Amino acid sequence: MKIAILSRNTKLYSTISLVEAGRKRGHRVRVLDPLRCYMRIAAGDFSLRYRGRALSGIDAVIPRIGNSITFYGTAVLRQFEMMGVFTPNTSDAVLRARDKLRSLQLLARENIGLPETVFGDNPDDTADLLETLGDPPHVIKLNEGAQGQGVMLAEKRATSQSVIEAFRGLYANFLVQEFIKESEGADIRCFVVGGKVVAAMRRQARDGEFRSNLHRGGTATVVKLSAAETDTALRAARTMGLNVAGVDLLRSRRGPLVLEVNSSPGLEGIEATTGVDIAGEIIAYIERRVRRRRPHKIQATRRKVSPALP
Ligand code: ADP
């Protein structure tokens, strides 16, 4: 197969790991900077170029699109999809997962456990909004934050009020959640590939910190998932329409609660912690899904459109 990895940085561990796994399994793998892909769109005819040359004959693309380039990155990914190239995570699914609020709404509809969450727009409603959520502590999150950035713990109602006012002043989108105290600064990252949890780790926040992100100094250990946790992780990934996903869970008194579903989960921490060749799992999944399809130029009328998830 000819596999393209959409990534801005060839030196990132996850990118290198995917390149090596693909090559080890006999594929031609190339890293493409999504910001250097440019496209032509005409009636029923889509093409992509890269540094002055046409991109063609690619069987599968693996999106590793950073938060800061979501819009352009997903447009490039969509162009690949229009050209009939297989991707484990579609542009729609990536966009869905990038919006925390939307993700929680979709998960809640499927009755998947989550920390109770409120959000609102008008400052006049803040007091009642917080009343709806209940007593502090509250966790306040920027809607589009990542790696624990923009996630705050407010111990008192007055703190919640002032953080919310500050966010509003910055025109930032945010949501407010109940604080799940009993998770004790730990969360569980479940790595889902093609409807299977291939690896899982427990991340523990360092002392004095409630966010367990490894980028914030959290430490990781292998964890054995309960049946309910596995089921929750798989349902969450499926609900978001992601075939490769990092599902973050909190262990709570009322069972596993989904924090978020990541569409470009990092490989370094989880491969190092669990010893699982996750990049290999992703390539193997792609092999199973890709049937050799040529030519890649497709007519709009022949394109099979799958029903869109909301
Ligand atoms: P990000 O996407 O920026 O990583 P998360 O929503 O995953 O943001 O939050 C970062 C970390 O903060 C989580 O991994 C978890 O350890 C902690 N955390 C987030 N929300 C809650 C909550 N409602 N209760 C307790 N801890 C939380």
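## A salt bridge between two domains

In this predicted model, the side chains of arginine 254 and glutamate 178 meet in a salt bridge, with 2.5 Å from N to O. The domain assignment divides the protein chain into domain 1 (2-95 + 277-297), domain 2 (117-179) and domain 3 (182-274). Between domain 2 and domain 3 the count is one salt bridge, and the count of residue pairs in polar contact between these two domains, both residues being at pLDDT 80 or more, is two.

Which elements give two or more residues to the side of domain 2 that touches domain 3? They are β8 (138-142), β9 (151-154) and β10 (174-178), and the largest share, three residues, comes from β9. Sorted by class, this side of domain 2 has five nonpolar, four polar and two charged residues.

The centres of domain 2 and domain 3, taken over C-alpha atoms, are separated by 23 Å, while the contact itself takes 11 residues from domain 2 and seven residues from domain 3. The size of an interface is often given as the accessible area lost when the parts come together. For domain 2 and domain 3 the buried area is about 730 Å², and carbon and sulfur atoms give 49% of that area.

## Salt bridges across the structure

When the whole structure is searched, 14 salt bridges are found.

| Residue pair | N to O distance |
|---|---|
| arginine 254 and glutamate 178 | 2.5 Å |
| arginine 211 and glutamate 209 | 2.8 Å |
| aspartate 135 and arginine 157 | 3.4 Å |
| glutamate 110 and arginine 109 | 3.9 Å |

Aspartate 135 counts as exposed because its relative accessibility is 64%, and arginine 157, at 25% relative accessibility, counts as partly exposed.

In the salt bridge of glutamate 110 and arginine 109, glutamate 110 is partly exposed, with a relative accessible area of 37%, and arginine 109 counts as exposed at 54% relative accessibility.

Are arginine 211 and glutamate 209 buried or exposed? Both of these residues are buried, and their closest N and O atoms are 2.8 Å apart in the salt bridge that they form.

## A loop residue

Where is serine 226 placed? Serine 226 is in the loop between β13 (219-222) and α7 (227-240). Serine 226 and asparagine 122 are 104 residues apart along the chain, and their C-alpha atoms are separated by 41 Å.

Definitions and conventions:
Residues numbered from 1 in each chain as written. Predicted model: local features only at pLDDT ≥ 70, side-chain atom pairs only at ≥ 80, totals over all residues. Heavy atoms only, no water. Domains from an automatic or database assignment. Contact = heavy atoms within 4.5 Å. Buried area = accessible area lost by both parts, 1.4 Å probe. Salt bridge = Lys/Arg side-chain N within 4 Å of Asp/Glu carboxyl O. Polar contact = N/O pair within 3.5 Å; in protein donor to acceptor, adjacent residues only side chain to side chain. Helix = DSSP H or I, 4+ residues; strand = E, 2+ residues; numbered from the N terminus. Nonpolar A, V, L, I, M, F, W, Y, C, P; charged D, E, K, R; others polar. Buried < 20%, exposed > 50% of the residue type's maximum accessible area, 1.4 Å probe, protein only.
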